[in-house]
Amino acid sequence: MGVPTNKTELEKAIRLNYGSLLKELSSITYKEATKKELEGHTKGSLMNVHDLVAYLVGWGELVLKWNRLMDNGEPVDFPETGYKWNELGKLAQKFYIDHAASDYKHLLEKLDATVTEILSLIAGKSNQQLYGTPWYTKWTLGRMIQFNTSSPYANARARIRKWKKSKEGDQTKKNDTTRRQITSIQSQTSPKKRNTSPPKKHSA
């Protein structure tokens, strides 16, 4: 799906990308979600699925905060108070810490509630409000929402699918190694066949 350019497309993109992501997240166990095996949001770092969901929740909550402050005519610190746009790696770490105490199931519920609230926010805006005028610098409100919802959902799904595929490959290698070991052991312990053929006659 291309970049949304109106209210209907934005709603569709969020629902579609979040739905696809949720299918991947729902099949992950609590134990798997806490293993730091995914490439992190800062170069050279690792994170787990729990951190990834915390990251999505964090950005979703920021979208809601920005809009709440804007609607009330209050100043907004973009992207967040104490952080600049060139410090998004540090902001990601903040999101991990903010939600570290939430168990995986509760965090998924938080993400779902955040997505529902963002869709409600969009429903309450006109297409003109979303895409008809710049909202932050040159960006419309619709684009700012998309940057921090549907696009990260698609990216997160791709990360998780890559991680799952890697784990499947590792498991296949383990299974192959185990089979080779078993075959080797069996060949070493199986009794040697006796030679039952008659002795050869020696020539005179």
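1. Is Trp 139 buried, partly exposed or exposed? With a relative accessible area of 29%, Trp 139 counts as partly exposed, because buried would need under 20% and exposed over 50%. This tryptophan sits in strand S4, residues 139-140. Setting aside neighbours within four places in sequence, its contacts are Pro 134, Met 144 and Phe 147. Keep in mind throughout that this is a predicted model.

2. Now for the overall layout. The chain has 8 helices and 4 strands, and reading from the N terminus the order is α-α-β-β-α-α-α-α-β-β-α-α. There are 204 residues, and 37% of them count as buried. Looking at contacts with a separation of 6 or more, 66% come from residues 24 or more positions apart.

3. Next, the packing of H3 and H4. Their axes are 8 Å apart and the angle is about 105°. That value falls in the range of 65 to 115 degrees, so H3 and H4 are described as roughly perpendicular to each other. On the H3 side the meeting residues are Asp 51, Ala 54, Tyr 55, Gly 58, Trp 59 and Leu 62. Facing them from H4 are Leu 88, Leu 91, Ala 92, Phe 95 and Tyr 96.

4. On to the aromatics, where the count comes to 11 pairs. Take Phe 78 and Trp 135: the ring centres are 5.9 Å apart and the planes stand at 85°, so this pair is edge-to-face.

5. Phe 78 has another ring partner, Tyr 136. Here the centres are 4.1 Å apart with the planes at 35°, so the pair is tilted. Again distant parts of the chain are linked: Phe 78 is in the loop between H3 and H4, while Tyr 136 is in strand S3, 58 residues apart. Phe 78 and Tyr 136 are both buried.

6. Not counting residues up to four places away in sequence, Asn 148 touches Trp 59, Gly 60, Val 63 and Trp 66.

7. Finally, I would flag Lys 7, which is in helix H1 (residues 7-26). Lys 7 is buried yet has no salt bridge. The nearest side chain of opposite charge is Glu 11, 5.0 Å away, whereas a salt bridge would have to be within 4 Å. What does Lys 7 touch, not counting residues up to four places away in sequence? The list is Ile 122, Ala 123, Lys 125, Asn 127, Leu 130 and Tyr 131.

Conventions
Residues are numbered from 1 along each chain as its sequence is written. This is a predicted model: local features need pLDDT of at least 70, side-chain atom pairs count only at pLDDT 80 or more; totals for chains, interfaces and linings use all residues. Side-chain values use heavy atoms; hydrogens and water are left out. Helices (H or I, at least four residues) and strands (E, at least two) are DSSP runs, numbered from the N terminus. Buried means under 20% relative accessible area, exposed over 50%, partly exposed in between (1.4 Å probe, protein chains only). Lys and Arg count as positive and Asp and Glu as negative; His and the chain ends are not counted. Contact means heavy atoms within 4.5 Å. Rings of Phe, Tyr and Trp (its six-membered ring) pair if their centres lie within 6.5 Å; planes under 30 degrees apart count as stacked, over 60 as edge-to-face and the rest as tilted. Axes are lines fitted to C-alpha atoms, for helices over the stretch in contact, and angles run from 0 to 180 degrees between N-to-C directions. Angles under 35 degrees count as roughly parallel, over 145 as roughly antiparallel, 65 to 115 as roughly perpendicular and the rest as oblique.
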